[in-house]
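Morning, everyone. I have one structure to show, and I will go through it piece by piece. Please look at it on the screen first.

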Amino acid sequence: MKSPTKSPSIFSKRLKQARKRAELSQFQLGVLAGIDEFTASARMNQYEKGVHEPDFGLVIRIASALKIPVSYLFEPNDRLAKLILLAGDLSLKDLRQTILAVEKLASEKS
């Protein structure tokens with residue numbers, strides 16, 4: 001009998017998406033995040049497959065290497081994850097304006 005396959009975690013899904021978006025190999029990302037080059041590729045592969053999850057310190061280094069907000073890696077809603085990714089690319093001034101616009105939309109809706 002075939003054993004049921006575990007679906008990948010949100011973290012592993014977002015990690016793979018972000019790595020591909022950054023056009024980095026698993027090895028390159030691992031090394032940029034400070035993982036020893038002899039294990040970088042294997043460890044990143046395990047994180048992307050959901051076999052293991054890194055500690056939060058490494059998650060921060062991975063997000064920094066990918067130039068993305070840490071919260072993107074854990075957001076289960078695809079549209080909200082996209083918004084987080086886009087917001088992470090904004091300048092501080094543009095982010096403030098975006099927050100004001102979203103607050104205005106939210107207040108008009110209630």
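**A proline and its contacts**

Setting aside residues up to four places away in sequence, Pro54 touches Phe11, Tyr47, Val59 and Ile62, where contact means heavy atoms within 4.5 Å. Pro54 sits in the loop between helix 3 (40–49) and helix 4. Helices here are DSSP runs of H or I with at least four residues, numbered from the N terminus.

Before going on, some housekeeping. This is a predicted model, in which local features need pLDDT of at least 70 and side-chain atom pairs count only at pLDDT 80 or more, while totals for chains, interfaces and linings use all residues. Residues are numbered from 1 along each chain as its sequence is written, and side-chain values use heavy atoms, with hydrogens and water left out.

Is Pro54 buried or exposed? Pro54 has 12% relative accessibility, so it counts as buried. Buried means under 20% relative accessible area, exposed means over 50%, and partly exposed lies in between, using a 1.4 Å probe and protein chains only. From Pro54 to Arg19 there are 35 residues in sequence, and 15 Å in space from C-alpha to C-alpha.

Next, a pair of helices. The axes of helix 1 (residues 10–21) and helix 4 (residues 56–66) come within 10 Å and cross at roughly 30°. Axes are lines fitted to C-alpha atoms, for helices over the stretch in contact, and angles run from 0 to 180 degrees between N-to-C directions. Helix 1 and helix 4 are therefore roughly parallel (under 35 degrees; over 145 is roughly antiparallel, 65 to 115 roughly perpendicular, and the rest oblique).

Which residues meet there? From helix 1 they are Phe11, Leu15, Ala18 and Arg19, and from helix 4 they are Val59, Ile62 and Leu66.

Staying with helix 1, we come to Arg14. Arg14 has a relative accessible area of 2%, so it is buried. Apart from neighbours within four places in sequence, Arg14 contacts Tyr72, Leu73, Glu75, Pro76, Asn77, Asp78 and Ala81.

That leaves helix 5 (residues 78–88), whose buried residues are Ala81, Ile84 and Leu85. They lie on the same side of helix 5, because they cover an arc of only 95° around the axis, taken from the directions from the helix axis to the C-beta atoms. Those buried residues pack against helix 1. On the other side of helix 5, Arg79 and Lys82 are exposed.

Conventions
Helices (H or I, at least four residues) and strands (E, at least two) are DSSP runs, numbered from the N terminus.
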